[in-house]
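Take a guided walk through this structure.

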Amino acid sequence: MSQDEGFFKKFHETINSSLDDVTRNNFVNLETNTKRVSYLCSLPTVRNYNLIDDLQKCQTGGEFPVKKDLEKARLLKDEGNKAVQKGDWAKAMQMYSQSMVHMPEKETEELSIVLANRSAALNHLEQYEDTLADIKRCLNLGYPRHLRYKVYERRARCLLVLKRNKEAISAFQDTISSLDEATKLDKEKRQKMRTDSKLMLEILNKGLVLAGNPKDPEPLKKTPPKPKLPGKHNSQYPAASEAIQIDSDEVRGRFATATKDIEPGEILLVEKPHSGVLLAEYSGTHCQHCFMKCPIPLPCPKCPNVVFCSDKCLEAAQKSYHGYECHILPLIWKSGCSITCHIALRMITQQNKDYFPKLSQELDAKPPGPYKTEDYRNIYHLVSHEDKRSKLDFLHRTQMTAFFVKLLEVSGYFDGKPRIKPVELDELKTMAVDEKYKDDVALIGGLILKNLQILKFNAHEVFELQCPKPKVDKNVIKHEGKSVFLAGAVFPTLALFNHSCDPGVVRYFCGNNVVVRAVKNIKKGEEVSENYGPIFTTVPKEKRQAELKEQYWFDCHCTPCEHKWPMYGEMNENYMRFKCDSDHPCPNVVAVPYDSQEFMVQCGLCQQYTNILKGLKSLQDTEMMYRLGRAAMESGQYGEAIKKFVAVLKLYDETLSPPYRSYYDCVQDLRRSMLALGNYSII
Ligand SMILES: C[S@@+](CC[C@H](N)C(=O)[O-])C[C@H]1O[C@@H](n2cnc3c(N)ncnc32)[C@H](O)[C@@H]1O
């Protein structure tokens with residue numbers, strides 16, 4: 001749990017130092033999460049803890065309390081208007097967006113005017129779909145009637161550009177009728193707009209008749225299509241493809257294996273998160289709900305903390321977690337708790353109040369039927385290593401839980417009604433939760449504590465590949481990207497994949513959907529493993545083992561660890577590692593010097609001879625094909641590059657046995673191309 005400098009650290013230290021031996025002992029002897037939380041929350045030292053002082057001193061996570069601010073909103077709107085006068089439409093758009101972030105919800109008319117102004121800026125920026133969306137929003141908010149002719153006419157002209165002529169006709173009709181209410185528009189201008197609109201109506205109507213009255217084209221979709229699994233889904237694990245099954249054993253728990261030979265590039269899993277949380281620093285630039293970058297943000301109407309990419313995401317968030325988190329978000333951020341801790345809380349706030357009490361009787365058994373991403377019971381049964389956990393670890397996590405339980409009370413969660421007003425400092429002068437919520441504290445607190453344990457081993461970082469605008473360099477277009485850690489999330493099916501220091505898959509994100517693709521040939525029956533951090537080509541074995549033990553509590557027995565594979569820089573380039581070609585399957589590698597004159601080479605294990613001529617012939621084309629793949633990758637033709645790299649790996653795998661450098665060069669480039677193809681945003 002990373003604490004940074006948030007105020008939770010002080011709370012944690014104070015509680016720790018105030019616990020006497022008896023209390024500690026009592027805590028240590030508790031055997032369930034529910035009891036741990038109830039006990040800690042009942043201690044006077046926790047109940048009487050006053051957060052106000054810590055909060056006021058805390059510099060992390062911005063201001064508190066945070067409220068919408070009309071004055072700020074108006075200043076930003078004025079900035080937007082000034083930018084319009086200078087013809088700087090991009091700046092105007094930004095200023096109006098910021099004004100919306102701070103505009104109090106009740107100022108509907110003013111908000112509608114800012115939206116109308118932003119729609120004008122967007123129209124100049126040729127963002128027609130977004131212009132239409134803002135016009136719709138401003139009308140919904142009751143944009144003044146005497147001004148409506150402006151937005152109707154803008155709507156009509158946008159629709160014309162989008163060739164949605166039928167809709168344009170109706171927008172021109174609205175323009176004409178709204179001109180009757182345009183009391184502040186001078187007569188001449190009104191007359192001109194009426195004449196122009198009528199003319200447009202005539203032209204459009206004629207055009208439609210001539211064209212045989214065709215349907216309008218569909219509105220353009222802004223969000224990229226959700227990635228799809230090719231072929232059939234696994235019936236038991238629908239987020240995974242049929243090429244994957246989940247097996248288990250005593251030592252490794254559950255893990256994925258291949259049900260057929262898998263080729264590099266194959267998509268093996270597409271899964272949305274059960275729960276995911278965007279990092280605080282991206283809350284103003286990326287959608288709180290789907291994590292997509294939002295250049296035209298839609299702020300939460302109730303708080304200035306978060307933005308959304310669309311009405312759909314805003315609505316979905318408000319109906320679930322954001323309703324409750326809206327006013328407590330700044331407290332979560334200021335606490336300095338890690339993103340994993342926040343996910344543990346989000347897993348609660350995203351469900352309504354009755355969900356967990358209803359489910360509580362069913363938690364002990366794994367749910368029957370297909371393994372569903374949205375079913376909390378599947379999360380509940382992910383690895384938590386509760387039996388290996390130290391008492392100190394429990395105490396620390398229970399303290400975090402006590403803080404979250406207080407936040408849930410403040411948020412209105414225990415009443416099932418999201419609070420409307422921002423949180424006042426005074427509400428945090430004690431950490432005591434009202435007695436009437438005793439049962440909720442035990443149940444929900446117990447689950448948060450469980451979530452905190454589970455997430456340590458099962459949460460994933462969500463990253464975005466950010467590319468500066470492609471550069472033209474010596475006639476080659478360069479696409480240079482860097483991965484940026486954006487959010488944390490838990491994907492219940494992906495969480496069943498075990499680790500290998502030589503993983504068979506790569507994972508990337510499309511918004512918040514994770515996509516898992518093979519980067520190697522994986523034979524039927526072999527484990528399909530992913531990677532939790534350390535890769536054998538770059539990290540020495542001892543360090544990998546230590547890292548995995550420390551973070552994931554297991555001893556890695558993957559092939560590179562067991563066979564002490566050399567790191568990339570130490571791979572011997574003087575030999576080619578031929579597979580033994582014996583009639584009986586032989587796992588041995590026949591190492592042949594590059595300058596060898598012999599074509600029949602004896603295996604040291606089975607003593608049979610391998611004819612390397614055949615292999616050498618099939619490898620002849622690999623160098624050229626790999627170069628073509630690199631060229632395609634560097635010019636941004638990732639699809640083409642992937643095809644070439646896959647073909648190279650196929651040839652390699654038929655003949656040679658890793659590890660050798662050219663194999664991992666190719667795997668690395670294949671991985672990069674898939675990442676670039678899958679998810680990047682131009683910054
Ligand atoms: C994300 S879970 C993977 C799924 C897990 N095996 C299960 O049964 O749910 C991570 C945990 O799986 C186990 N694990 C992962 N990779 C492993 C490996 N290569 N060998 C042994 N155990 C492993 C460890 O217990 C680790 O904490």
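Helices (H or I, at least four residues) and strands (E, at least two) are DSSP runs, numbered from the N terminus. Residues are numbered from 1 along each chain as its sequence is written. The model is predicted: local features need pLDDT of at least 70, side-chain atom pairs count only at pLDDT 80 or more, and totals for chains, interfaces and linings use all residues.

Start at the ligand. A residue is near it if its C-beta atom, placed from the backbone, lies within 6 Å. The shell holds 19 residues, and Gly253, Arg254, Asn498, His499 and Phe554 come nearest. Strand 2 (253–258) gives the largest share, three residues. Helix 20 (438–458) also supplies at least two. By type, twelve residues of the shell are nonpolar, five polar and two charged. Here Ala, Val, Leu, Ile, Met, Phe, Trp, Tyr, Cys and Pro count as nonpolar, Asp, Glu, Lys and Arg as charged, and the others, Gly among them, as polar.

Now turn to helix 11. Ala168, Ile169, Ala171, Phe172, Thr175 and Ile176 are buried there (20 or more other C-beta atoms within 10 Å of a residue's own, C-beta atoms being placed from the backbone). They lie on the same side of helix 11, because they cover an arc of only 165° around the axis. That arc is taken from the directions from the helix axis to the C-beta atoms. The buried residues pack against helix 10 (148–161) and helix 12 (187–210), where contact means C-beta atoms, placed from the backbone, within 7 Å.

Finish at residues 622–655. That stretch is 91% helix and 0% strand. Its end C-alpha atoms are 12 Å apart.

Methods: Buried ≥ 20, exposed ≤ 12 C-beta atoms within 10 Å, placed from the backbone. Contact = placed C-beta atoms within 7 Å.
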